[in-house]
Amino acid sequence: MPYLCWAFLYTSTGVNSYWEFKKDVIVEYPVVGMPNQEGVGYVDYVLFGDNGKPLAVIEAKRTTADPNKGKQQAKLYADCIEKMHGQRPIIFYTNGFETYIWDDLNYPARRVSGFYNKEELSLLIDRRTMKKPLKNVQINDNITNRYYQKEAVLAVCDALENKRRKALLVMATGSGKTRTAISIVDVLTRHNWVKNILFLADRKTLVTQAKNSFSHLLPNLTLCNLLDNKDNPEESRMVFSTYPTMMNAIDEAKRKDGKRLFTVGHFDLIIIDESHRSIYKKYRAIFDYFDAILLGLTATPKDEIDRNTYEVFDLENGVPTYAYELDQAVQDGYLVDYRTIETKLKFLEEGIHYDELLDEEKERYEETFDDEVGEDIDSAALNEWLFNDDTIDTVLRDLMEKGIRVEGGDKLGKTIIFAKNHRHAERIVERFDQLFPEYKGGFARVIDYSVNYYQTLIDDFSDRNKWPQIAVSVDMLDTGVDIPEVVNLVFFKKVRSKSKFWQMIGRGTRLCKDLFGAGQDKTHFLIFDYCGNFEFFRENPKGIEGKAVESLTERLFNAKIEIIKELQHLQYQEEEYIAHRNELIDEVLAEINKLNEENFRVRQHIQYVHKFKNRAKWDSLTAMDLNEIKEHISPLIVPVNDDELAKRFDLLMYTIELAKLQTKNATKPIRSVIRTAEALSKLGSIPQVMEQKYIIEKVQTEEFWSEADIFELEAVREALRDLVKFLEKETQKIYYTNFKDQVLEVKENGPMFNVNDLKNYRKKVEHYLHEHRDQMTIYKLRNNKKLTVQDLKTLEHILWNELGTQEDYKREFGDTPITKLVRQIVGLDPQAANEAFSEFLSSERLNIQQSRFVKLIVDYFVKNGVMDKRVLQEEPFKTVGSIVELFKDNMDDARRIISIIDGINRNSEEIAGA
């Protein structure tokens, strides 16, 4: 038995914490029926349940061996044990570093971070008989009653039935992602597929909202918010958490008996709210640790999700498990669309340049700015440390003049302004109060995490009868707050993350009935963009996600190992250099030895931790070693409880030392050290500073930096690191100006037909019909209503007299009946199409393929208005299957679908009373 594997079984992620050796765990368990000469074998470990039945076999190989070497052997052991005990055990095989689970009655083998405990293994065995098939599932209409939500639930069920353990749902903000997730949990719990569920989100407010939604719709499910100390996760079936809180809870949360609560197999399902690459890069350890089904939710359009996210879910690029996007939701009438007013302001585009200012402004410029600012201020400074009142005023006047208004036009509708930072938000509100004092300071308010009792402001903003009407937000309202009354969004900051961009747009997409009066619903919303965000995302639809930032501790550790590697070169094999290298090795080894091997993140990299705990490994580091250390060891190093400024100075000096060893330029960090020395030289009254007078003066000379060796640089590091705390932190001075800004360009974009392009009859007809969709005759055709003789005459008058002649009509459209033509152009209203097929869309008797087939028919009618049944044999229907094949077990349904198609077609041509 390899020692490491034996030791691993005694860890909190191994067996001993939850099993009793010689009782529940039998070592070298004999089996008969092996295909060898003796016909016997000895299983490394067999884990038994309380009923004496075998739950699992473990085949353990040496740490130097590939664990897959034992896969077939473990299967043969499982075959023997199944014959001996009448129950097939779960299979594990491991080399102590890598462990695989193979429930070969259900799934292929997959890597896991540890062994299941007895309760979890027993549940896996029991589910073989307890699990109900996810076919013909009953979906609770009180949770999800929209066709696409049901399709999403069925798509996930279909994926799980096909042995997939990961699913990704793309659903537009406002379309009910959380409700859909709740419905999936409801179905999976009722069918005994899952017991314990984890819901992860990146913000506390989203965690709280999700828990409240689940509590309301699944009142019998016990819930716990890990951020709330009052909740008990051990007694809860579903846990809600942010990512950092869960990272800590995995090691810290304990059961009543003191054992680890969140074990490898604790959760059966993990729901990830707003899944995107940066989450997996930063918190990958969570998903590697838990062996659970993954369900990802995102509002980012499917074609704009990066390839890495699809790879995480083992999906083809651009093909999520199910997608319901904004354009479809708008077409179906479940969300509203937006129009943009994109304005380019000179200062935000080009910055402020002294030479371009008016003479009187040049004088103010000279009075306002220090010499360090210079004559050119980059646009990035705007709303960061320079706040120009005229720029802000231009935005606010635009909003008040062009924004959508309510109460008969008397009041600006609910508006969110997305500000760059808190100071920017405050200045926006200050300028609003200056420009519009008649609102007495209550109309526009800052709502962000810096404000005390911010929730009361959100509550007031959410009430259509209360002020504020304008919420100026920094990050807080970007996501998660759903206020249907919002009709104006102002993008007053640059956004480069595609997920955040679509979340921000989603703040305005929700329907709002009677917003403008009785029967006058919200139809669209406006987005004012002053920072080129829409222009950027048209050119870069996938956006730019921020890179994972290395911690200061990680960067320090990496700098040390880089120096260690450089010092092994032949030219440094002298006593002094060798001694210095050994000191650094001792330091990094001490940090590696501090790692707690019980910590779940350390266990995930235990192979490399053990490898580099061996001092002999440091005698000669290869480039591959360096990469392994940076990937597997550096992120685990525990931060030293030391002054942050001192550590930053250490990193500065290590950077210079490394550059010296590699004969590279280090001008920038050297200048930083010189500036530090110059600042310290002004603090001679401090005794500790005075003690280092010689070094402080020396490092300010060019001769020192041209001649200093690594040992002199080390002396500087040690002498000055504890002095930097005496320096005042450099802060950027804040400036408020009022230079005249200039509007360079204004573009309005949205789903509006270009009214100038109406040179020919066809375009006149198409434009008229689209612009007059609510005219009674056109409305009837769009809504599948029967027409009268008078309706026909009205259409003939419009198309043959107002827009052109009957000859024009025949020349463009031939013998196509006029009513049919109108239907073809305007399509069928989504609600009318859904109502026509409601008996199928609202029924759970259809399987996923049948449901998709019917939805394709609905989509075709919405787009084309009428249907030639021959298209059912073409794409996209052909891919799903023929109607005969799909409904072979119930041809009555097939005949009913054809009958509905015929009825919709007839209503586009038949005239009542004709």
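1. G865 counts as buried, with a relative accessibility of 0%, and its place in the chain is the loop between α36 and α37. The model is a predicted one, and in it G865 is in contact with R823, G827, L828, Y860 and I904, once its neighbours within four places in sequence are left aside. As a reference for distance across the chain, G865 and L123 are separated by 742 residues in sequence and by 52 Å in space, taken from C-alpha to C-alpha.

2. Another cis peptide bond runs from W467 to P468, where omega is near 10°; P468 belongs to the loop between α15 (454-462) and β22 (470-473). As background to both sites, most peptide bonds are trans.

3. Not counting residues up to four places away in sequence, F887 touches L846, Q850, F853, V854, D893, A894 and I897. From F887 to K869 there are 18 residues in sequence and 16 Å in space, C-alpha to C-alpha.

4. Two residues other than glycine call for a check of their backbone angles, given that most residues of this kind have a negative phi. E407, in the loop between β18 (405-406) and β19 (411-412), has a positive phi near 55°, and its relative accessible area of 49% makes it partly exposed. D475 is not a glycine either, yet its phi is positive at about 70°; D475 lies in the loop between β22 and β23 (486-491) and is partly exposed, with a relative accessible area of 30%.

5. Turning to helix packing, helix α18 (residues 552-566) and helix α22 (residues 623-633) pack at an angle of about 165°, and their axes are 11 Å apart. Because of that angle, α18 is roughly antiparallel to α22, and the crossing in which α18 passes α22 is right-handed. On the α18 side the contact is made by E554, F557, N558, I561, E562 and K565, which meet A623, L626, I629, K630 and I633 in α22. Sorted by class, this contact of α18 with α22 comprises 6 nonpolar, 1 polar and 4 charged residues.

6. A further helix pair can be read in the same terms: the axes of helix α29 (residues 761-771) and helix α31 (residues 789-802) come within 11 Å and cross at roughly 145°. The crossing of α29 past α31 is right-handed. Y761, V765 and Y768 of α29 make the contact together with I798, L799, W800 and E802 of α31, and by class the contact of α29 with α31 has 6 nonpolar, no polar and 1 charged residues.

7. Which residues of helix α21 are buried, and what covers them? In α21 (residues 606-613) the buried residues are I606, V609 and F612. Viewed down the axis of α21, these buried residues fall within an arc of 140°, so they line one face of the helix. Their cover includes α19 (575-593), α20 (600-604) and α22, and α22 is also the helix that packs with α18.

8. Finally, some figures for the whole chain, to set the local points in context. The protein chain has 39 helices and 28 strands, and of its 914 residues 54% count as buried. Along the principal axes, its C-alpha atoms fill a box of roughly 105 × 100 × 50 Å. Among contacts in the protein chain with a separation of 6 or more, 70% are accounted for by residues 24 or more positions apart.

Definitions and conventions: Residues are numbered from 1 along each chain as its sequence is written. This is a predicted model: local features need pLDDT of at least 70, side-chain atom pairs count only at pLDDT 80 or more; totals for chains, interfaces and linings use all residues. Side-chain values use heavy atoms; hydrogens and water are left out. Axes are lines fitted to C-alpha atoms, for helices over the stretch in contact, and angles run from 0 to 180 degrees between N-to-C directions. Helices (H or I, at least four residues) and strands (E, at least two) are DSSP runs, numbered from the N terminus. Angles under 35 degrees count as roughly parallel, over 145 as roughly antiparallel, 65 to 115 as roughly perpendicular and the rest as oblique. A crossing is left-handed if the near helix is turned anticlockwise from the far one by less than a right angle, and right-handed if clockwise. Contact means heavy atoms within 4.5 Å. Ala, Val, Leu, Ile, Met, Phe, Trp, Tyr, Cys and Pro count as nonpolar, Asp, Glu, Lys and Arg as charged, and the others, Gly among them, as polar. Buried means under 20% relative accessible area, exposed over 50%, partly exposed in between (1.4 Å probe, protein chains only). The arc is that of the directions from the helix axis to the C-beta atoms.
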